[in-house]
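My notes are kept in the order in which I looked.

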Amino acid sequence: MSSRRGAVLVGTGILGSRMAGLVRQRVLAHFLGTTDAADALNAAFRIPNLLQNLFGEGVLSASFIPAYARLLGQGREEEARRLAGAVLAALSLVIALLVALGVLATPWLVAMFLPEWDADKQQHTATMVRLLFPATGILVLSAWCLGILNAHRRFLVSYAAPIVWNAAIIAAVLVAGARGEEQIAIAAVLGALIGSVLQVVVQVPQVRRLGGAIRPTRWAAVPESRTVFRTFLPALVSRGAMQISSFIDLALAGFLPAGAVTVMTSAQVLYLLPVSLFGMSVSASELPEMARECADPEQVQARLRIRLDAATQRLAFYIVPSAVAFLALGGVLASAIYQGGAFTASDARWVWTILAGAAVGLLASTWGRLYSSAFYALQDATTPLRCGLIRIGLTAILGVVAALYLPEWLGIDATWGAAGITLAAGFAGWVEFTLLRRALCRRLGRFALPMRELLRLWAAALLAAVPATLVRLAVTEQSPIVTALLVLPVFGLAYLLVTWRLDMPEAAVLVNRLVRRRSGAGR
């Protein structure tokens, strides 16, 4: 399977799961709006969810997948199976301990990260966090299944599995819709617990078919496990830098006016969509391929440079218009998805300001994930660790200034602090990317960023925003959903047309696919 086809499968699965996530967030926004119950629920999801993001997307993707894929590439399937069993055993033990500690320490965690909330709001949040910690532990095991499937180049099921998690939450909220806000929030949490189990269950049959009978194994009895666990802690921080930064954003939002946590969470669902859909799809499909390339030390540098060049340009083609869309059309997007019920037009505009701030670092975060994958394929977790620590530190320092002090200095409303948080995080993301790039050039030899192509992409996206904005101004009387259906396709088609006329390779691929499908349908 080519990495491009793998990226398409990853992207398809992520798109389905993210769309389900948007529906979930829309349902929650409809019933809860920006109330205290909504703030408590969103904070409750985020606190234990850090555990899943770090161990699932962090350690397993950075340390386990490269080692497991390398063994498969060398035809050592039995050793790969034993390694998977060792990781499963160690991961289950660590997660069980962390979940138990999390449940016990929940009141302290809530008070530490959300000190500005009153006692009742903290208590309601703590109740939900205690229920969500076990669910999060189960989702980490789901990430282990994902690692197995990715290494075997099976991407669709693993990345589409969160659809059932979202569906369980949506169903639980709809059943509880006639009750009070706190009961609806508790129902969402119970739905998440059920959905976590289902997310593992849907992956297990394919894991068994591809990986065979994987049994928990003592990690000391598997020599290859030393490589995995040696990169465990570095990968925990470096791969999770973006998740940790998002967690810092949540903590800072707790100091802002009521509703900031909910609005920040709603915005994150949107601005993480292109990072997940394109950045994760390309990085996830490239990681096992780059790990296989490392099996040939004589050709590894040249081959990795070729892969990185192609992937960098492919990512830019999709992320640049996403950033411009957030800047110019974020209000259209936020209104179409969230506005309605208890979520007002003013709340949607608040989401837009946060999206505009996030647009600044969107490309850097996506490229940084790809470059980190290259280091993990080279079995170097130390360099991404250093860069990730710098990003986390800058996110915290700049975020405090931008969120809590900058609005007052500028004489603007405190709600703008939420946009300052994402703006600061975006700047930190560019610093991390720059450091990763320099280190990678030293390791592989210099390879240039496609600056000419990049400038043409920005120009094309800005040009495409002009007709889309004109349409938006012409349909102000329409409903948010109708407005989005009229405006967003204009932006997308204009961008595709301009980039195609500029002979951008990715645009040519997309246009050729559209022409073939139309020709096939005509026959």
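**Entry 1, ground rules.** I am working with a predicted model, in which local features need pLDDT of at least 70 and side-chain atom pairs count only at pLDDT 80 or more, while totals for chains, interfaces and linings use all residues. Residues are numbered from 1 along each chain as its sequence is written, and side-chain values use heavy atoms, with hydrogens and water left out.

Of the 523 residues, 57% count as buried, where buried means under 20% relative accessible area, exposed means over 50%, and partly exposed lies in between, with a 1.4 Å probe and protein chains only. I then looked at contacts (heavy atoms within 4.5 Å): among those between residues at least 6 apart in sequence, 84% join residues at least 24 apart.

I looked up helix α5 (residues 119-151) and helix α8 (residues 181-201), whose axes come within 8 Å and cross at roughly 15°. Axes here are lines fitted to C-alpha atoms, for helices over the stretch in contact, and angles run from 0 to 180 degrees between N-to-C directions. The two helices are therefore roughly parallel to each other, on a scale where angles under 35 degrees count as roughly parallel, over 145 as roughly antiparallel, 65 to 115 as roughly perpendicular and the rest as oblique. Their crossing is left-handed, a term used if the near helix is turned anticlockwise from the far one by less than a right angle, with right-handed used if clockwise. On the α5 side the contact includes His124, Met128, Leu131 and Ser142, and these residues and others meet a set in α8 that includes Glu182, Ile186, Val189 and Val200. By class, the residues of this contact divide into 15 nonpolar, 5 polar and 1 charged; Ala, Val, Leu, Ile, Met, Phe, Trp, Tyr, Cys and Pro count as nonpolar, Asp, Glu, Lys and Arg as charged, and the others, Gly among them, as polar.

For helix α17 (residues 382-410) and helix α18 (residues 417-444), the axes come within 8 Å and cross at roughly 155°. The pair is therefore roughly antiparallel, and its crossing is right-handed. The contact of α17 with α18 has 17 nonpolar, 7 polar and 2 charged residues.

How far apart are the end C-alpha atoms of α19? They are 35 Å apart, which agrees with the 34 Å that its 24 residues (451-474) should span at 1.5 Å a residue; the expected span is 1.5 Å times one less than the number of residues. Its buried residues are Leu454, Leu457, Ala460, Ala461, Ala464, Ala465 and Ala468, and they pack against α14 (300-338), α16 (362-377) and α20 (480-501).

Is Tyr338 buried or exposed? I found Tyr338 in helix α14, and it is buried, with a relative accessible area of 0%. Leaving aside residues up to four places away in sequence, Tyr338 touches Leu22, Gln25, Arg26, Ala29, Ser266, Val269, Leu270 and Phe343. Tyr338 and Leu22 are 316 residues apart in sequence, yet 8.7 Å apart in space, C-alpha to C-alpha.

Arg218 is in the loop between α9 (204-211) and α10 (225-230), and at 61% relative accessibility it counts as exposed. The C-alpha atoms of Arg218 and Ala89 are separated by 7.0 Å, although the two are 129 residues apart along the chain. Asp503, in the loop between α20 and α21 (505-522), is exposed as well, with a relative accessible area of 65%. I also noted that Asp503 has a positive phi of about 60° although it is not a glycine. Most residues other than glycine have a negative phi.

How values were computed:
Helices (H or I, at least four residues) and strands (E, at least two) are DSSP runs, numbered from the N terminus.
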